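Visitor: I am new to this structure. Please show me how to read its features.

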Amino acid sequence: MAKFLLLAFRNVFRNRRRTMMTLFMVGGGVAGLLLVGGFFSFMFWGLREHTINSGLGHLQIFTADHFNRDEVRVLDTGIDSWRQVAASVKTGGHVRGVAPRIEFYGMVSNGDKSSVFMGTAVDPAAEASLGFFPTRFESGRDLNNKPGGEVEALIGNGLAKSMNVKVGDGLTLLAMTSDGALNGVDVQIVGIVNNGIAEIDARYLRITLASAQRLLQSDRVTNLVVGLDKTENTDLVAAELAPRLHGLPQQLVLKKWIDLATYYKQVRSLFSTIFVFLGVIVFFMVLMSSVNTLLMTMFERTREIGTMLAMGTPRAWIVALFMFEATIIGVLGAIVGVVAGNLLGVLVNHSGLHLPPPPGFTEPMNFRVLHVPSLMIGASLLVIASLALASILPAIRASRLQIAEALSHV
Amino acid sequence: MDEIVNVEAVSRSFPLDTNPAHHPAHSFVSALSHATLRVTAGEFLAISGPSGSGKTTLLNLIGCIDQPTTGRILVDGVDTSTLKPSSMSSLRREKIGFVFQTFNLIPVFTAAENVEYPLLIQDVSSSERRQRVADALDSVGLSARANQRPDLLSGGERQRVAVARAIVHRPALVLADEPTANLDTHNATQLIDLMHGLNRRLGLTFIFSTHDARLLDHTERIVRLCDGEVISDLLKGDSRG
């Protein structure tokens, strides 16, 4: 068997120029997949971390009824004993912080004009403990929790523009209380925020938890956001925390970030489909050109194959020989592709290239390529399988040659 | 002496048109017609005749790489007309050695590896392979060239490697189709002498085809073909034609 493999290996390098061309083609396919896949992986990673660290958190705790709630009276299904739950969760391993939040909706008015807002009420100190990305201010500063201080608010730059306000100006917020009554509070803008997503900035409003509870006339919160040291620990911590939520007066549920990141999932699904499509194209590209090359090789070696068959070589061995040769080309092509793909990836990462802002975003996007081992293995297996498959037709043809005709082949 | 080959009224015709649906009787060409031949073990037999006389066809049929249209061939007592392709392959592997006009060595193998090939496909152990390859190369005087690839060998040396490859697995029969056609007279004579020496020393049966009349002096038995028919079968000092 070793000698047979040696024969296959040497045959691969019989026509070096042709082998090099095939290796370039196979390697090019692998390198292309690694670059595209590496960029997509970077994009997924970036979007994941952006999604989590822009406020979603790694885990969130809700009441079981939260997802069947009335969208207007948001605290009807809020968490009562949130302080105890937060204190319990905080003691878990890998937990960086726990922050209570109220997600609510309402109207904002400057006296002349009204608009809809999507509000989040936060405890600034607890938010800071989560260690998320800092809020990007166009002007002003973050909220603080001074007892008895003025009701402070942050608003998105789009909302500020539409309401024609700046830092220091006042706004009136209107929302529905738990009793169904309409309530209002006056707030002073302390900061104008740029989240990088125009649609969000046009509705963004953030106030302190105490202000929102006064506005909504409730001591509850809608959810608790949990920040972890690393995203990769999400499953581990979720499994550890879930039992702690049992046996409480309210039935609570723990959601992982992936369950709540609808946009992330849609983007990932779309780009994964594109990547699979690219993989299929590479597969067929390698397959068709390899069939051609291997058939050419077979015709050139007709007399040699005839000689081997004449000497009594089993036909299955001839099939195996061609498949070995194709697999060797596949393996070498995969190695060339992985090396080239990674080198090009390093070059791209050091080039400082940026892409235009994606739809809905206002910031340009870094063009970086991640080196993903599973992608390297997958792309390599894809081309090796393509080559092995491509060798079947030439191998069968070679094994079925009429010996006498093959020996007289010129 | 044991009979190693028995060719009984064998004919071989080939279709002129490769499409089997278009085969009226007149579109066949006859390459061999009612050939009968018996070869006993240890013979050194030449098949001679002009180009197109059917020499290669007869050797292909004896060598089980082609099948007769009519008649039957027994090789070492085995009726090859009843064999399945896999059994024909086994028969060739174990009982027959081939030497071709154009040497047909595997170009990516060294001389030793080429000689080793028939043992490889017979699953002979590596230590025994080494010994037998060394013996075979020694018997053709090419021990010193064992590690050279065919492209670095002369035509005469290549054909001697081919002879070593043909005898290394100790076949019952060695078939050589125009083994000297690509060699100059000196190398051709040397090769025939080498084969004859192996025939005498090892008792190997050799059947070779040639159209070179000068080489026939070195043989004991000459079968002459013309237009696909055996026209004479001469043993030196005797005539069976």
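Guide: Begin with the two chains: 16 residues of chain A are in contact with 17 residues of chain B, contact meaning that C-beta atoms, placed from the backbone, lie within 7 Å. This is a predicted model, in which local features need pLDDT of at least 70, side-chain atom pairs count only at pLDDT 80 or more, and totals for chains, interfaces and linings use all residues. Residues are numbered from 1 along each chain as its sequence is written, while chains are lettered from A and ligands numbered from 1 in the order in which they are written.

Visitor: How are two packed helices described?

Guide: By the angle between their axes and the distance between the axes. In chain B, the axes of α5 (residues 155-167) and α6 (residues 185-202) come within 10 Å and cross at roughly 20°. That makes α5(B) roughly parallel to α6(B), a term for angles under 35 degrees. Among the residues that meet are Val163(B) and Ile167(B) in α5(B), and Leu194(B) and Leu198(B) in α6(B).

Visitor: Is Leu130(A) buried or exposed?

Guide: Leu130(A), in helix α4 (residues 124-130) of chain A, counts as buried because it has 22 C-beta neighbours inside 10 Å; buried requires 20 or more, and exposed 12 or fewer. Beyond its neighbours within four places in sequence, its contacts include Gly57(A), Arg96(A) and Val225(A).

Definitions and conventions:
Axes fitted to C-alpha atoms, helices over the stretch in contact; angles between N-to-C directions. Helix = DSSP H or I, 4+ residues; strand = E, 2+ residues; numbered from the N terminus. Parallel < 35°, antiparallel > 145°, perpendicular 65-115°, else oblique.
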